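Student: I have a model open and would like to learn how to read it. Where do I begin?

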Amino acid sequence: MRVLHVIARLNVGGTARYITQLAHELPKHGIETLVATGFVQGAEVEDPSAATIKLVRIKSLGRAINPIKDHLANKQLQEIIKEFKPDIIHSHTFKAGFITRVRKQSVPAIHTFHGHLLDDPEFSGFKASVITAIERKLAKNSSRLVTVGQRVADELEQKRIGVKEKYLNIPPGVKELNITPRTDALKNLGISADGRPIIGWIARVTGVKNPMRALEVARAIPTAHFVMAGGGDLLEEVKEAAPTNVSVLGWAKAEDLFGISDIILSTSENEGMPIALIEAQLAGKPVVATDVGGVSEVIANHETGLVTNKNSGSIAAALNSLILDTQKRSQMSTLASSRAKALFSVDQMVNAHVSLYNSIVN
């Protein structure tokens, strides 16, 4: 069997690692796998995992909407399909899903939602209505619709995107990171150990992750040291606005950030199934996060972390409660690691994809 995966770009983050995991593991099950992708743009950086798999580049494909380039990307994709002759085409993220399913393919097409754009500040109002309409049309050209969290599926169904029978929830398989020892991690990141608890934040520094909300929380807890890692279009703005108890690093290794952090903070407006938070849980880190997308499926509220609303005051209160209760943090740490290992294994994710592909081809 041959499966062609299509994604707009493999920027640093969980979706890239999800794809590369599949590319590594599926051939062991007799499934030849090729990943077709474009290039990262602007301040983005390509995930290092992209260098470990076989790729074919769609030169005109990028995240930004551009009718001329999108038309060219579709033509380039059709050439790849003609040459590779896949049994299944599997697209990921909105742009790749659009150029793949804008017209009915001659072979079955699957699309995975690693989240959705419906709550993204960049695509609010009229744009969100247009995207919803497009997704409804594209769903009709899809054999199956995969989500990386049940809540994402529920939200899409509420928007009448596809029908329930087409949906399949496949949680991501995530490998444990080799966490850097605290002393080494502090040195690597240039952070001084001053006795204050360290709150780590790691994500793309862009609107949907709402780094400005993290700064509001930091201002409310001046006794903690906040360390923010990631790059994106808001990086310089965040650096300028950051209070004195915040270190804004830019791109940094998750292994180092988790190594220095007592608690991990997430302030997102929207998520799919956040891989960084799963990695944090595997590392035994309690997480305080906004209740969006699949976050409540990753974090067991009051057991492995705290899930709260988007109000910065509520987030600060939740964070403060864990800062002050070291025993609770220790209990959460132990349960977080064991729970994440049970729920997010690579074998489960890969086997679910193998079963899905077999069911469609057969």
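Tutor: We go from the sheet down to one residue. Keep in mind that this is a predicted model.

Student: What is the order of the strands in the open sheet, and how do they pair?

Tutor: Strand order lists neighbours across the sheet. Here the open sheet has 7 strands in the order 3-2-1-4-5-6-7, and the pairing is parallel.

Student: Which strands stand at the edges?

Tutor: Strand 3 (55-57) and strand 7 (167-169) do. Each has a single partner strand, so one side of each lacks a neighbour in the sheet. On average, neighbouring strands of this sheet are turned by 25° against each other, direction ignored.

Student: How many bridges join strand 4 to strand 5?

Tutor: Strand 4 (residues 88-92) and strand 5 (residues 109-113) run parallel and are joined by 4 bridges. As an example, I89 has A109 in strand 5 as its bridge partner.

Student: Now a single residue. Is T37 buried or exposed?

Tutor: Burial is read from relative accessible area, and under 20% counts as buried. T37, which lies in strand 2 (residues 32-37), has a value of 0%, so T37 is buried.

Student: Which residues does T37 touch, leaving out those up to four places away in sequence?

Tutor: T37 touches I7, A8, R9, L10, L55, V56, R57, I58 and L61.

Student: What separates the C-alpha atoms of T37 and H5?

Tutor: T37 and H5 are 32 residues apart along the chain, while their C-alpha atoms are separated by 8.4 Å.

Key. Residues numbered from 1 in each chain as written. Predicted model: local features only at pLDDT ≥ 70, side-chain atom pairs only at ≥ 80, totals over all residues. Heavy atoms only, no water. Helix = DSSP H or I, 4+ residues; strand = E, 2+ residues; numbered from the N terminus. Buried < 20%, exposed > 50% of the residue type's maximum accessible area, 1.4 Å probe, protein only. Contact = heavy atoms within 4.5 Å. Pairing = 2+ DSSP bridges. Axes fitted to C-alpha atoms, helices over the stretch in contact; angles between N-to-C directions.
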